[in-house]
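Have the viewer open while you read.

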Amino acid sequence: MPARTGQQYINGLKERASEVWIGGERVRDVTAHKGLSGGVRAIAKLYDMQYDPALHEVMTYKSPTSGRPVGRSFDNPKTREALETRSQMMLNWARATCGMMGRSPDFMNVTFAAWGAAADFFGEKRPEFGDNMRKYVEYIRENDLTLTHSLINLQRSRNASGIFNLEEGTALEVKRETDAGIIVRGARILATLGPLSDEIAVYSPRLARHADEHSSFAMSFAIPCDTKGLKFLCRDSFDLGRSHFEHPLGSRFEEMDCVVFFDDVLVPWERVFLLYDVERLNATAHVTHSTAHSAHQGAAKNLAKCEFVLGLALMMTQALGNAHLPHTEERIGELMMYAELMRACMRSAEADAAIDQWGVMCPSTIPVEVTRNLMMTCYPRMIEILQLLGSSSFLIQPTEADFDGPLGHDIAQYLATDNLDARERTKLFRLAWDVAGNAFGSRQVLYERFFASDPLTRARALAAIYPKDAVIDRVREFLGKSNEEW
Ligand SMILES: Cc1cc2nc3c(=O)[nH]c(=O)nc-3n(C[C@H](O)[C@H](O)[C@H](O)COP(=O)(O)OP(=O)(O)OC[C@H]3O[C@@H](n4cnc5c(N)ncnc54)[C@H](O)[C@@H]3O)c2cc1C
């Protein structure tokens, strides 16, 4: 199958009876569930963009095996131009969702594309794992499948040693092997997009401080979401079933987060990519450069989101007539700076991209990783700025029924500003509340703080790869200057 349309994606979900639970009930059809169907429609719209005549060339590329048009995020670019086209494709998706669906399918697609190119890494000790990876990447690309992932073991306690708990009975563990595959049991967090996905990928960035070489907690695999024994437990849906007017983002972009239970789940051998190999699992992201590619996708999302918040802030201040006030300009200026830093990092990552050992044009790692770390702190600040700018206007929230009801006249008269009528003002500030106030917006802040691991881990990850010698040498050179030198 070439790149899918939205309807093909929806049909796929209907055929796949994944075990999804929400509010104590098993969801029979995620495409029809009131808390999930909005998100399904949003992902379907992203897939439809692949067939928009104006976008088709950018959104798809020719499959290296079938020659058919397939999703561009599966591409392993060989040139800077191809990397920039893939970047444009990711930006198109990110802008379509206002940056509010961080786990749009391109996130996992670029990760697996990198792993496909680096399949030899997976097969170095066990050649069959390299073959598994190659075949799997071709399979998801040719069928345009949607993936979720859950990397984190639940912890029973955060102990000061920094060793992440891998307790039996909680963390996901290989319990035994059979002729058919491995049997895994345990729980993982936090599968965003879980109910809206076809497949789940399981690997881990969290064994880094685990000392053993061989561990039953070390594994990398991917299986269909409707595999027997696999259960997705959803949080509350933030799609409250309201209209786009009343809940513009929540009614569209609910991507859902889930705890995943693995109840003696059989992972077929052909879906295993790494097993027991702590060192290789820890090294995967950096050696294969999947971290640079996924961070590049994240950078596109960050840019789209920063642009959207900036545009929103500008419209809010125009509506309220305070755009010219110095402290407003100062705050808007700060939002502009974040948007431009994201843009600059993306451009620099693309300009300094280089062909890596796997033959892939890889974005420069430091600038894209910087966007990840920066977003963790700047996004909460951006939301604080929106709140400072909007104040009580966030809570002036008549519904469509209020406009059409007995108070309609009062609302129209009193809620207008010099620059906007009451309905347009309400529409704008309901959007702002979705971004900066309600459960949907709060979850976005939490997402940006933690989606790429906790801030401490991310800071340490950046410190580990930063080229420190050049800056140290500069100071050393200065300290070494003699009195005769200036
Ligand atoms: C909205 C959202 C979506 C997400 N989506 C996904 C997804 O799609 N896939 C996925 O795999 N993961 C996802 N995550 C999970 C994310 O990777 C984790 O939340 C993140 O790695 C942090 O882990 P944690 O939640 O267990 O927090 P914790 O590890 O409990 O961290 C909480 C705080 O405690 C501190 N801490 C933790 N352990 C210690 C210790 N031993 N000593 C000292 N301090 C400690 C941390 O520094 C942090 O400040 C998502 C998270 C969120 C919030």
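Predicted model: local features only at pLDDT ≥ 70, side-chain atom pairs only at ≥ 80, totals over all residues.

## Strands side by side

Strand 5 and strand 9 (residues 199–202) run parallel, and three bridges join them.

Zooming out, the open sheet holds four strands in the order 5-9-10-13, and the pairing is mixed. At the edges sit strand 5 (147–149) and strand 13 (272–277), each of which pairs on one side only. From one strand to the next, the twist averages 20°.

## Helices on the sheet

Helix 7 (residues 127–143) packs on this sheet and touches strand 5, strand 9, strand 10 (214–224) and strand 13. Its direction makes about 145° with that of strand 13.

Then there's helix 8 (residues 278–287), which lies across strand 10 and strand 13. Helix 8 runs at about 125° to strand 13.

## A helix pair

Two packed helices are described by the angle between their axes and the distance between the axes. So what are the angle and the axis separation for helix 2 and helix 4? Helix 2 (residues 37–49) packs with helix 4 (residues 80–96) at an angle of about 145°, and their axes are 10 Å apart. The crossing of these two helices is right-handed.

Which residues make the contact? Helix 2 brings Lys45, Leu46 and Met49, while helix 4 supplies Asn92, Trp93 and Ala96. By residue class, the contact splits into four nonpolar, one polar and one charged.

Notes:
Residues numbered from 1 in each chain as written. Pairing = 2+ DSSP bridges. Axes fitted to C-alpha atoms, helices over the stretch in contact; angles between N-to-C directions. Contact = placed C-beta atoms within 7 Å. Left-handed = near helix turned anticlockwise from the far one by under 90°. Nonpolar A, V, L, I, M, F, W, Y, C, P; charged D, E, K, R; others polar.
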